[in-house]
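Opening the notebook on this one.

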Amino acid sequence: MILISLIAWLLAGGLLAWYSGRWGGNWPRWISLITLVVHLAMLAGLWAGYAGKANLSQPASWLAETDLPWIPALGIRFHLALDGLSLLLIVLTNFLGIVAVAASWQGIRYRLGFFHFNLLWILAAIVGVFLAADLFLFYFFWELMLVPLYFLIGIWGHENRIYATLKFFIFTQASSLVMLAAILGLYVIHGRGTGVYTFDYSALLGTQLSSFTGTMLMLGFFVAFAVKLPVVPLHTWLPDAHTEAPTAGSVDLAGLVLKVGAYGMLRFLVPLFPRAAAAFAPVAMTLAVAGIIYGAVLAFSQRDLKRMIAYTSISHMGFVLLGIFAWNQLALEGAVIVMLAHGISTGALFVLVGDLQDRMHTRDLDRMGGLWSIVPRLGGVGMLFALASLGLPGLGNFVGEFLVLLGAWQVNIPLTVLASLGFIFSTVYSLWLVQRAFHGENTNRWRLPDYNRRETGIMAAMIAAIVALGLYPQPVIDTASGALQTLRGLAPGYHQTQGSPGAAAAVQDGKDAGLPAGMASGAARDDGSGA
Amino acid sequence: MTPIPMDQGLLLAAALFFVGLAGVLARRNVIFILLSIEIMVNAAGLAFVVAGSRWQQPDGQLMFIFILTMAAVEVSLGLALVLRLYHNFRSLDVDRVSNLKG
Amino acid sequence: MQITFYISAAVAVVATLAVITRYNAVHALLYLIVSLLAVALIFFILGAPFIAALEAIIYAGAIMVLFIFVIMILNLGPQAVRQERAWLKPQMWLGPAALALVLMGELVYLLFSGGQSGQSGAPVGAREVGIALFGPYLIGVELASLLLLAGLVGAYHLGRRGDAAVVVELEEAAARDAEAPAVSALSAGQTEGGDAR
Amino acid sequence: MSGQDFICLLPLLLPAAAAVLIMLEISVYRSHAAACILTLAGIGAAAASLPLAAAYGPRQVTSLLVIDGFALFYIGIILAATFIVAILSYAYLRRVPGQREELYLLLLLAAVGAGVMVASSHFASLFMGLELLSSCLFALIAYPRGRDNIEAGFKYLVLASVSTSFLLFGMALVYAQLGTMEFTRLAAAGATGGIIYQAGLGLLIIGLGFKLALVPFHMWTPDVYQGAPAPVTAFVATVSKVGVFGLLLRFFGQVGLLGHAHMFFLLTLIAIASMFAGNLLALRQKNVKRLLAYSSISHLGYLLVAFLAGGPLGTTAATFYLVAYSVTILGAFGIVGTIPAPGEAAGGREADAIDDYRGLFWRRPWLAGVFAATLFSLAGIPLTAGFIGKFYLLDAGAGSSLWLLTLSLVASSGIGLYYYLRLITVMYLRPESGAGEEAGRPAAYPWAASLVLAALLMAIIWLGVYPAPLIDAIRRTVTLP
């Protein structure tokens, strides 16, 4: 029941915040803040409870589970399940949620109630996605997330918001319809094979698929996840949506919505279709590297600060994709850490840009310069997160990206070398950003107020998080590793294929028969490469 | 009573039916359109009677009675609408009666 | 007897063709009455004398009178004929005629490639028809009464309160005529329908 | 006919009796409220008699009608939709001058016609039900007798009559071939049916395709939707579609139409064309009613997927979708009929231009919320009935391995998103200063309409969140032999 309350609490808080809009004043802000803080306390209690037990870093079945009938006629159950991976991502969700509320404390001035309603419902839907263990339920939350996000960007966004929201909505919705078709395909094939028509994740894991249908269904999932992630040819919605969204929207988009795509690949795509995914891995990894380089290069050429950060997101998420398709323990742990670190660092950068825009009413890099001298605290924060983004050792992104590269090296050396070029590009754009915005002369004679206490507080929390992740990632790795091992156990023989797909197919054909049918049984560890 | 082959009866019905259809499609005067519809409906009725007489059942004739009822209702409604149309548009040209568009 | 069938059929087709090609509405109407009477004759040949009578009385009689009324009210004189002539250019027939011919051709092909074909049999008289009407088809009669009620109310509402007194008269005629089939064909059904009301 | 037959027919007899009562009431003393209350009472009584009829069913009442679970469930949908339309009409007609009472009479008779259709087991009852429905619709569409109404009514009359002629001719051919007009005996004889029989079925499909507004028989739809008064449009979009589709399921299910490869192919083409044409043509509309008309074309295309999937799953999916769609579309047209156009006095133009909705979120958040919910439901977004409905259709399609149809459904609803979203987006745009303001703050819309809209909103969300009870009910009652 705790899992249901994790979602229901946010939904209820959202409704209350909406209603409190009638009372005027700061009511909606406080209500959503309190909702999220209590939510955080629930999560902390949960995490502390599991950390005490030894099994968090061991492959195991779910940490917590709720399974209720929902639409029995179609084999749909209200099945929520939590493991270390979901837990981490939910904590990130909550953290960024609090940041989003705090960061829009002053920026949002109208329709407060509805704004906070949307914000909390986005978070609830994302938590739902991270918890769903029924494919229908997953799809339900996946879609549910879009509507409030659509309103959030469309109502409180910047000048070009209508175009951006339409593009965003149609891209994501159209791609998820393709995923829906794939889910149904899997459901029907599983039902025909076994006589049991169900959308349950664990039941569907061992479905026998021919190589063609497997590939088609896998691609159906991939398209949806790739649009969210985003993978390069499908990324065009992202710069527009990020640029036009209000600060809270950008934080949610970059910090959370992108993670949902990565989570989907980790949880569903590879375990459900191990053979097809393994065969597809070289393509996916190539796309990942293309994204890393493409995002970085385009980030370099942007004048709009928000757009620039949006492109860096594409670059960072390329590392996540690379890590996922490398599919060994190191790379996966790296991918998880990149997800968390990117959520924090990019979130912070978007908050920073939002603060700058509130002060300067522009996001144009050319009109900035010399900010350090007039707003030292703001400048310092900006500097720090730019460095985080570039991958400075000691900060979270470095750990993650390094682990990903380490893992990918074992699989595909040329692509790894190319990916590490991303480090160089990101150094260039980060320093370029720092140079143009903060250093130099204050040619435009800006006179701006520096960070106040609220803003300093937000940033302090984010700095603490990114530093902690950089210096002592072990608790995070411990939390995730059990879940990751389990996931890898669900796709045994995946990574023998890497690098030599031709030979791999043969290996896999032999191995497929022994695919474990459920999470609990899928604990085969084939190498001891813990962190 | 010399038997009539069913094919020929149906053929006649089909001929009348499609003449009526051509009329509906080609004419622009609403009164002619209504007349053409009557031709089509009557042809369908003829087909029923032909079919009924083949099976020597009263059912075909019953359907004709029902069709007759429907034709009466349709004509009275249709002509009431024609009067209204003329009143509103001062024309019986179906092409000129087109206020509605996207 | 077969020869009468063919003559009637030919008359029906020619008259119907004339209906849709006339410019003058009254002429068209007269041709339609000819066509309907020819069809009534065919009904008789097919062994459906009751239906033949209905066709002549109600279709060629009552329903066509409605058209006459409307044409008179609208006062479609020579000017309307000229206008109609201007509207109805010969080339306008090309599309509809082609379409109708294609469909017709298909249907004819199907009819003749269908193989087994029956023939009209012994006549089915008014008695059998009446028994069936108030036996298995009783609900159909009830529905017919509802249909007529709908037509009555609808025509009354739509035609009501025109700009000329004649319109009012016409709508009354329409209402009367809408009831006409009920009076003749469903004479007994009327009381049934009346009960339902 | 025995007493039990009469009990089984009560759901149809009671609305007809109410119609006659209204006629008597009109002749004695005209009262809008009384007519509306009589209508609601008649429908309520008919709905109350449904369980009674079910207790005596399934029952063949003469050879014309069969009262079984399927018929009663569909009659239930029809009655519920008519009930809602009657309330919406009451709110609507108060703004319109002229005589109002006849509308209720016609509504009731049309509902009886639709009910007869879904219960029919014979060509005669099929035809009479259809004709009763259509004849009432001619008058209903033209009811306020404005230019647009009359034009729409006349267009509908012409096209409906032509399609009815096709239908009749098709029936005559089938009868000529098989010598019977009862569905069950047709099903038995149909297996040997020759080519004339198939031609007859083809003509029947043309006739019913017109009524369902499937491509290529869809031309009348936008004009009629736009020209008819909003509550009547809601009626056309729900009751008439439910009636004809119910008939389609029963008749073609029974005669095994899907066994004929040509027919299957033909219907597949029609379905795909309807889905795409509807959604693509809707993209360019500036009028909300026309937009919804094109969207209805595509939705009927979606429904054909379930129809083609066949079997119990297809029937259940189609029935569920019809319920979900009816609830949604009633809400949408309820809004269109309830909101007066900005800058117009009461009784003026309906708010049917997309621009009339500009800034509605800020002027009337509650109505805008309901409208947005209906649009989301039409687009198939979660938490709404439309989502579960579309999912069910896809499930049925995938379950029968109709991959081409399933993918077309997916792709075309992707296109459809755009215009629904555009409409929602318009609603939260800031109104242009002054221009978008309504002339004064018009009198609050009638509470009855608000209540209905609230109920519809609840239904949309309820079906979107917890559809299991309805699905169970459908699976229990809606079974075809």
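Below are my entries, in the order I looked things up.

**Ground rules.** I'm working on a predicted model, where local features need pLDDT of at least 70, side-chain atom pairs count only at pLDDT 80 or more, and totals for chains, interfaces and linings use all residues. Residues are numbered from 1 along each chain as its sequence is written, chains are lettered from A and ligands numbered from 1 in the order in which they are written, and side-chain values use heavy atoms, with hydrogens and water left out.

**Who touches whom.** I started with contacts, meaning heavy atoms within 4.5 Å. There are 4 pairs of chains in contact, and chains B and C share the most contacts. Chain A makes no contact with chain B, and their closest C-alpha atoms are 23 Å apart. Chain A has no contact with chain C either, with 38 Å between the closest C-alpha atoms.

**Chain C by itself.** I count secondary structure as DSSP runs numbered from the N terminus: helices are H or I with at least four residues, strands are E with at least two. Chain C comes out with 9 helices and 0 strands. Of its 197 residues, 48% are buried; buried here means under 20% relative accessible area, exposed over 50%, and partly exposed in between (1.4 Å probe, protein chains only). Taking the contacts in chain C with a separation of 6 or more, 66% are between residues 24 or more positions apart.

**C against B.** I find 92 residues of chain C in contact with 69 residues of chain B. The buried area, that is the accessible area (1.4 Å probe) that two parts lose on being put together, summed over both, is about 7300 Å² here, with 77% from carbon and sulfur atoms. On the chain C side, Tyr59(C), Phe67(C) and Trp87(C) lose the most area to chain B, together 9% of what that side buries.

What does the rule find for salt bridges across chain C and chain B? It finds 0 of them, with a salt bridge taken as a side-chain nitrogen of Lys or Arg within 4 Å of a carboxyl oxygen of Asp or Glu. I do get 8 residue pairs in polar contact (both at pLDDT 80 or more). A polar contact is a pair of N or O atoms within 3.5 Å; within protein, one must be able to donate a hydrogen and the other to accept it, and residues adjacent in sequence count only if both atoms are side-chain atoms. H3(C) gives the most to the side that touches chain B, with 13 residues. By class, that side of chain C holds 68 nonpolar, 17 polar and 7 charged residues. The classes: Ala, Val, Leu, Ile, Met, Phe, Trp, Tyr, Cys and Pro are nonpolar, Asp, Glu, Lys and Arg are charged, and the others, Gly among them, are polar.

**D against C.** Here 37 residues of chain D meet 26 residues of chain C. They bury about 2800 Å² between them, 76% of it on carbon and sulfur atoms. The rule again gives 0 salt bridges for chain D and chain C, plus 4 residue pairs in polar contact (both at pLDDT 80 or more). Helices H1 (3-28), H4 (101-119), H5, H6 (147-178) and H8 (195-212) of chain D each give two or more residues to the side touching chain C. H5(D) gives the most, with 7 residues.

**Ser134(D).** Next I zoomed in on helix H5 (residues 123-141) of chain D, where Ser134(D) sits. Is Ser134(D) buried or exposed? It is buried, at a relative accessible area of 1%. Its side chain reaches the backbone oxygen of Leu130(D) at 2.8 Å, and a 3.1 Å polar contact joins it to the side chain of Lys211(D). Leaving out residues up to four places away in sequence, Ser134(D) touches Tyr156(D) and Lys211(D).

**H15(D).** This helix (residues 365-379) has 15 residues and spans 20 Å from first C-alpha to last, close to the 21 Å expected at 1.5 Å a residue; the expected span is 1.5 Å times one less than the number of residues. I see 12 of its 15 residues buried, including Phe371(D) and Phe376(D). Just after H15(D), Gly380(D) takes a positive phi of about 80°.

- Leu383(D), in the loop between H15 and helix H16 (385-399) of chain D, has a positive phi near 75° without being a glycine. Leu383(D) is partly exposed at 22% relative accessible area.
- Thr62(D), also not a glycine, has a positive phi of about 45°.
- The peptide bond from Leu229(A) to Pro230(A) is cis, with omega near -5°.
- The bond from Val215(D) to Pro216(D) is cis, with omega near 5°.
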